[in-house]
Amino acid sequence: CLYFLFLMKIIAVDLDEILAETARALLKRKKNRINWKRINWNELSSYNLWEIEKLEISKQKSVEIFLWFLVGAGLWNKIDPVVGAKTKLKEFKKRWYKLHVVTARHFLLRFATWIRLYLNYKHIFDSVEFANFFTRFSTKKSEICKKLWADIIIEDNLENAIECANEWIKVYLIDKPWNQAYDKKKHKWIIKVNSWSEIEI
């Protein structure tokens, strides 16, 4: 029994951009215009819209744009699942790995989040943990991972990845326009991959 527990992996999985194509859906909904400025997915040099100079947008407005879009995501805003995610997660599930969603989203978005996860990833995850980013209740993803005893996280945000790697949590970083500052020599506990199909655990 102890041997089985030793072999069992506990994996944390980010939600937006790892399970759901949120940024693409947002841009499509906005017709590639944020704050009246035209921008394409490949131009998203940061996931924090206020850090993209050409958008000339405040942090508060950036957060509100994502918040209201995600509120509608449970009802009318269509967000496609990331290609290859479900196939690989089912493979992990067959190996009896424990899988937990660890998302930066606010807990107030739980119903919209649960609806989309039920529709796209039914019976795959053991729990959904909300980090409540950009609020006074914010929790580091590394802290959530440690609480879950997760030894691996699948992530797209380099800052979150570095934070987890510094806590000896292995990170699979899926390539996105906003994580191009990744350095293989510098970030030794972070493995960058192009897609879900390249993740081997």
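Biologist: What does the pLDDT say about the protein as a whole?

Modeller: The model is predicted, so start with confidence. The protein averages a pLDDT of 92, and 94% of the residues score at least 70. Residues 1-5 fall below 50, and beyond near neighbours in sequence that stretch has 1 contact in the model.

Biologist: How many helices and strands does the protein have?

Modeller: There are 7 helices and 8 strands. The radius of gyration is 17 Å, close to the 17 Å from the globule rule for 201 residues, so the protein is as compact as a globular protein of that length. The C-alpha trace spans about 60 × 40 × 35 Å along its principal axes.

Biologist: What share of the contacts comes from residues 24 or more positions apart?

Modeller: Take the contacts with a separation of 6 or more; residues 24 or more positions apart account for 59% of them. Burial is another overall figure: 49% of the 201 residues count as buried. The protein exposes about 11700 Å², with 57% of that supplied by carbon and sulfur atoms.

Biologist: Now a strand. Are the residues on the two faces of β1 buried or exposed?

Modeller: In a regular strand the side chains alternate between the two faces of the sheet. In β1, residues 10-13, I10 and A12 lie on one side and I11 and V13 on the other. All four are buried, so both faces are covered.

Biologist: Which strands pair with β1?

Modeller: Strand β4, residues 98-103, pairs with β1 in the parallel sense over 4 bridges. Strand β6, residues 152-155, also runs parallel to β1, joined by 3 bridges. Follow I11 across: L99 stands opposite in β4, and I152 is the bridge partner in β6.

Biologist: Which residues touch the most other members of the largest nonpolar core?

Modeller: In soluble globular proteins, nonpolar side chains tend to be buried together. Here the largest nonpolar core holds 44 residues, and L19, L89, F92, F125, I154 and W196 touch the most other members. Elements giving two or more residues to this core include β1, α3 (59-73), α4 (85-94) and β7 (170-174). Another core lies apart from it, with 19 residues, among them I10, A131, C145 and A161.

Biologist: What is L89 in contact with, leaving aside its neighbours within four places in sequence?

Modeller: The list is V13, L19, L99, Y121, I124, F125 and W196.

Biologist: Where is I174, and is I174 buried or exposed?

Modeller: I174 sits in strand β7. Its relative accessible area is 4%, which means buried, as the cut-off is under 20%. Leaving out residues up to four places away in sequence, I174 touches residues including I18, I154, D156, V193 and W196. S195 is also touched; it is 21 residues from I174 in sequence and 5.9 Å away in space, C-alpha to C-alpha.

Biologist: Which residues of α2 are buried?

Modeller: T22, A23, A25, L26 and L27 are buried in α2. Just after that helix, K31 takes a positive phi of about 55°.

Biologist: What is the phi of N32, and what is the phi of H123?

Modeller: N32 is not a glycine, yet has a positive phi of about 55°. N32 lies in the loop between α2 and β2 and is partly exposed at 21% relative accessibility. H123 has a positive phi near 65° and is likewise a residue other than glycine. H123 lies in the loop between α5 and β5. With a relative accessible area of 67%, H123 is exposed.

Conventions
Residues numbered from 1 in each chain as written. Predicted model: local features only at pLDDT ≥ 70, side-chain atom pairs only at ≥ 80, totals over all residues. Heavy atoms only, no water. Buried < 20%, exposed > 50% of the residue type's maximum accessible area, 1.4 Å probe, protein only. Pairing = 2+ DSSP bridges. Core = buried A, V, L, I, M, F, W, Y, C linked by side-chain atoms within 4.5 Å. Contact = heavy atoms within 4.5 Å. pLDDT = per-residue confidence, 0-100. Rg over C-alpha atoms; globule rule 2.2 N^0.38 Å. Areas by Shrake-Rupley, 256 points an atom, 1.4 Å probe, with all protein chains shown as cover.
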